[in-house]
Every structure is written in structure tokens, then in C-alpha cells.
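Me: I have a structure to go through and some labels to question. Please set each label against its cut-off.

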Amino acid sequence: MGRTSITLGGVPLNSTVTNASGPRSATREELLELSAAHPGAVVFKSCNPGGLESPDNLKNPGVDYYAALARELAPKNTVVWGSVVGVTEDEIVEVARKLDEAGAKIIELNLADDFVANSVGPFKSKDRLKGLLKRVREKVKAVLAVKVPPSVKREDAGAIAAIFKEAGVKVAVCANDLPKGLEFDLAKGTVKAPQGALSQTHAFYLVGAGALDVVAVGGVGSGSEAYLAHLTGAKAVQVGSALIKEGVGAIGRIDRELDQLLEQYGKSSVSEIIGQVKFA
Ligand SMILES: Cc1cc2nc3c(=O)[nH]c(=O)nc-3n(C[C@H](O)[C@H](O)[C@H](O)COP(=O)(O)O)c2cc1C
């Protein structure tokens, strides 16, 4: 086990660093390239039952395309991490079930996109969220993750995390929305900020009480940004924009930088720093 390996929702990952759903992860070529370049998990583009031409950010060829890819990659020891969208609960259940049957180990319900918010509206009420998650849970064996809308308020994290736990959702994919210009010292593991949740990721980590694993997405493009996300509670990080700019090499580079920082600060595993941020 390397310094940056981790168990997420019970699934062993060779690295805490993965791609974010969407950027360079929409086509077979891109996904094969990602899986060849990095031994960590591979997160698929969000997909729906029949494919979408719009909105542009959710353009996809449909779940059958990704299920075929999951069947191709899963036997090669790639941890397949699917992502689901839909305009009805039935669609979300159907897509999750197909990815599950095809061998995805982690299934992320992308409830963060307006496309889902404006149709299914899972965060419009607690009962709606509970109902949807329960239906998916009943049909899917894989570890369930939910991508949380960045608009979910920090003070609602406790109630939502309680619903996730009750519904058997093991992973929350949260915004890494740390304050701009935050001063930090990685060697000491400190930040200069008033005590409290520093980001949506940190808020969900604090209320999760160890029962919920949190993945940080947003603004991770270097080993130090990954390190800071881990200090504030992330068990894994997803990389989007850096992947677009730099290509698949970005994931391995961030993993190596994180590994070097851990070594430099005398940590034998990334687990030692998760959620350990201190307020200077
Ligand atoms: C071109 C593009 C396509 C995206 N497609 C999806 C998607 O299909 N599903 C999803 O959950 N997020 C999608 N996202 C959002 C990313 O997963 C991620 O949350 C966002 O880019 C923030 O991370 P970053 O700051 O590292 O870019 C997309 C983002 C971009 C730029």
C-alpha cells in the first residue's frame, strides 16, 4: 500500500486522486487513457438512459455505452466509478442499476447539476431525497455516492448526512469551496481562519462522524491543494480543470506531489492527515 492509497466507502483505491466526472472522461478513448495512465479509480462522465445532446455539460451517448465500458475495464482491476443523471427517479434508478450490473464499484448520483435539480429536485425536501436514495439503494449493490449541489448550505449538512447514512449512501462528493486566499501551513497542518467549517467538504466531514466518506471536488490542481483538501476532511479528491488543461498526466503528477509532501512531513499514510486541520 502506497502513502496515497485509501479505502473509500469500503472500496480500496490505489490513490486518493481521481478525475472528476466529465472532463476527459466522456469517450471510450478518454476513459481507456485515464485507466492506463493512473492506477486509481476512473470516474465516468454522467449519463442518462438514452443519451443527451444538451445541456452541453451533460452531453453523453447514454448508459449502455458506459455499461459496455465498465464491462471492459472492471476485469482489468480498474475501479470503475459511474455517474448518473436523469429527469425522473425511474431514470436515475435504471441508469444506476445498469452501471451496477456492469461492474461499477462506486456509483455517484450526480444530484449537483441543475438538470436534475430542475426535474427530480431531490433537495427540494428531505422526503424526496430519502425516497430517491432508498429506491436506488434497493436496486444497486455498489457503493453509493451522492454529488451534493454546491448551493447546499453548511448548516444543512447534518440533516443531509443523516439521510445519507440512513439510506446507505457511504460517500458524499462535496464542493472544495475553501475561502479565497486562505492562509495555511501544510507542515504544521494549520489554517489562519475563524474556527468552523472551511468548505462544504469540511462541513460534511465534521457532521459525518466517520460514517460518511467525503470526496472534495473543485480547484484541485496540485499536490498542496490535494493535501489541504485532505486536511479539511476529504478522503479523496477529484480533478477537473487541471485535467482539461494538462491532459491525463495531471492525475499522476498530483498524486506524486501529494506523496512527496506526505513524505516530507513524516506521514506514512494520507489517512494520518484526513480532517486533521488545526486553527492557528
Ligand atoms: C467540460 C466539463 C464537463 C463536466 N461534466 C460533468 C458531468 O458529466 N458530471 C458531473 O458530475 N460533473 C461534471 N463536470 C463538473 C466536474 O466534475 C467538476 O465538478 C468541476 O469541473 C469542478 O472541478 P475543477 O475545479 O477541478 O474543474 C464537468 C465539468 C466540465 C468542465
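**Helices, loops and labels**

Reply: We can start with helix α8, whose buried residues pack against β9 (183-185), β10 (190-192), β11, β12 (236-239) and α10 (249-264). Keep in mind that this is a predicted model.

Me: Why is α8 called largely enclosed by the rest of the structure?

Reply: Buried means under 20% relative accessible area. Seven of the nine residues of α8 (residues 223-231) are buried, so the helix is described as largely enclosed. The buried residues are Gly223, Ala226, Tyr227, Leu228, Ala229, His230 and Leu231. Just after α8 comes glycine 233, with a positive phi of about 110 degrees.

Me: What makes the crossing of α6 and α7 oblique?

Reply: The axes of α6 (residues 157-167) and α7 (residues 200-208) cross at roughly 60 degrees and come within 9 Å. The crossing of the two helices is right-handed.

Me: Which residues make the contact between α6 and α7, and how do they divide by class?

Reply: From α6 come Ala157, Gly158, Ile160, Ala161, Phe164 and Lys165, and from α7 come Ala203, Phe204, Val207 and Gly208. By class, seven are nonpolar, two polar and one charged.

Me: Where does Phe164 stand in the largest nonpolar core?

Reply: That core has 98 residues, and Phe164 is one of the four that touch the most other members, with Ile107, Leu109 and Phe204. Leaving out residues up to four places away in sequence, Phe164 touches Leu129, Leu133, Val146, Val148, Val169, Ala172, Phe204 and Leu212. In soluble globular proteins, nonpolar side chains tend to be buried together.

Me: How do you know whether alanine 209 is buried or exposed?

Reply: Exposed means over 50% relative accessible area. Alanine 209 has 68%, so it counts as exposed. Alanine 209 lies in the loop between α7 and β11, and its phi is positive, about 50 degrees, although it is not a glycine.

Me: Why is asparagine 77 given its exposure label?

Reply: Its relative accessibility is 70%, and the cut-off is over 50%, so asparagine 77 counts as exposed. Asparagine 77 is in the loop between α2 and β5 (80-84), with a positive phi near 65 degrees.

Me: What is the peptide bond from serine 54 to proline 55 called?

Reply: That bond is cis, with omega near 0 degrees. Proline 55 sits in the loop between β4 (42-47) and α2 (63-73).

Methods
Residues numbered from 1 in each chain as written. Predicted model: local features only at pLDDT ≥ 70, side-chain atom pairs only at ≥ 80, totals over all residues. Heavy atoms only, no water. Core = buried A, V, L, I, M, F, W, Y, C linked by side-chain atoms within 4.5 Å. Buried < 20%, exposed > 50% of the residue type's maximum accessible area, 1.4 Å probe, protein only. Contact = heavy atoms within 4.5 Å. Axes fitted to C-alpha atoms, helices over the stretch in contact; angles between N-to-C directions. Helix = DSSP H or I, 4+ residues; strand = E, 2+ residues; numbered from the N terminus. Left-handed = near helix turned anticlockwise from the far one by under 90°. Nonpolar A, V, L, I, M, F, W, Y, C, P; charged D, E, K, R; others polar.
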